[in-house]
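Hello,

Please find the structure below, followed by notes on what turned up in it.

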Amino acid sequence: MEEFKNPPNEQIREILAQSITIAVVGLSTNPSRSSYGVANYLKNKNYRIIPVNPKYPEVLGEKSYPALSDVPEKVDIVDIFRRPEYVPPVVDEAIKIKVKVIWMQSGIVNYPAAQKAKEAGLVVVMDRCLAVAHSTLM
Amino acid sequence: MTDPVEFTDDNFESEVIKSDKPVLVDFWAEWCAPCHMVSPIVEEIGRDYADKLKVGKLNVDKNSKTASHYGIMSIPSLLIFKEGKVVDQIIGAVPKNHLKEKVDKILA
């Protein structure tokens, strides 16, 4: 397996500039959770946030979907807030619905899932906070 | 009692890089819940080590130049500077003891 490297900042800047819709998998309704803070930050930066969490009907005023494959619109970035062992099925669905970018938040690393996504032509970012990337690069 | 210093893109050079004492910098943001868990610990460290260590916070949203320069990818990130260089880095919310150990090692 080739060594994994996050895309360079220039490419991440481009991704952030071109993306409109971010599906946040594992988004919580609890404001003290990182997922809430990050999604709220991104919503305030005018990204379209789509919560993906079977536990809630809506988060941050947006309808929440049980799974990525239930989302009825085009998704640019899938931002994952799930433990590493739950990442592979999310990646499989992301490939199926043809998203452009898989983004695993800080502390979330799954090399085989990352490899699979890359082989399917997706851009993969791991172990990095999407909101911090936006805040520091944009 | 010493409150944490507010570090910015403008004062980072004078307050951190050129500081006589080692400096603990807490990279944080308003929207980051784990940052709010760490900040009281950082403040306590600031009080406990008031004579030996400068302690301050840098808001990444308002000071992206410095945050980007140091490759901050997640917050909270605590960086310890000595003589202008990063000598240790702690990512995520950590217990006070863990942070104290790191600081003690650097001050030893």
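Cysteines

The sulfur of A:C129 has its closest cysteine sulfur in B:C32, 7.5 Å away, which is too far for a bond. A:C129 counts as buried because its relative accessibility is 6% (buried means under 20% relative accessible area, with a 1.4 Å probe and protein chains only). This is a predicted model, in which local features need pLDDT of at least 70 and side-chain atom pairs pLDDT 80 or more, while totals for chains, interfaces and linings use all residues. Residues are numbered from 1 along each chain as its sequence is written, chains are lettered from A in the order in which they are written, and side-chain values use heavy atoms, without hydrogens and water.

One disulfide (a pair of cysteine sulfur atoms within 2.5 Å) was found over all chains. It joins B:C32 and B:C35, with 2.3 Å between their sulfur atoms. The link of B:C32 and B:C35 is right-handed, at 85° about the S-S bond. Both B:C32 and B:C35 are buried.

Largest pocket

A pocket here is an open set of points on a 1 Å grid over the protein atoms alone, where a 1.4 Å probe fits, with protein on both sides within 12 Å along at least five of seven lines; lining residues have an atom within 4 Å of a point. The largest one has a volume (the space filled by probe spheres set on the points) of about 1100 Å³. Its lining has 45 residues, and A:R33, A:S35, A:F81, A:R82 and A:I108 are the closest to the centre.

Regards

Technical notes: Buried < 20%, exposed > 50% of the residue type's maximum accessible area, 1.4 Å probe, protein only.
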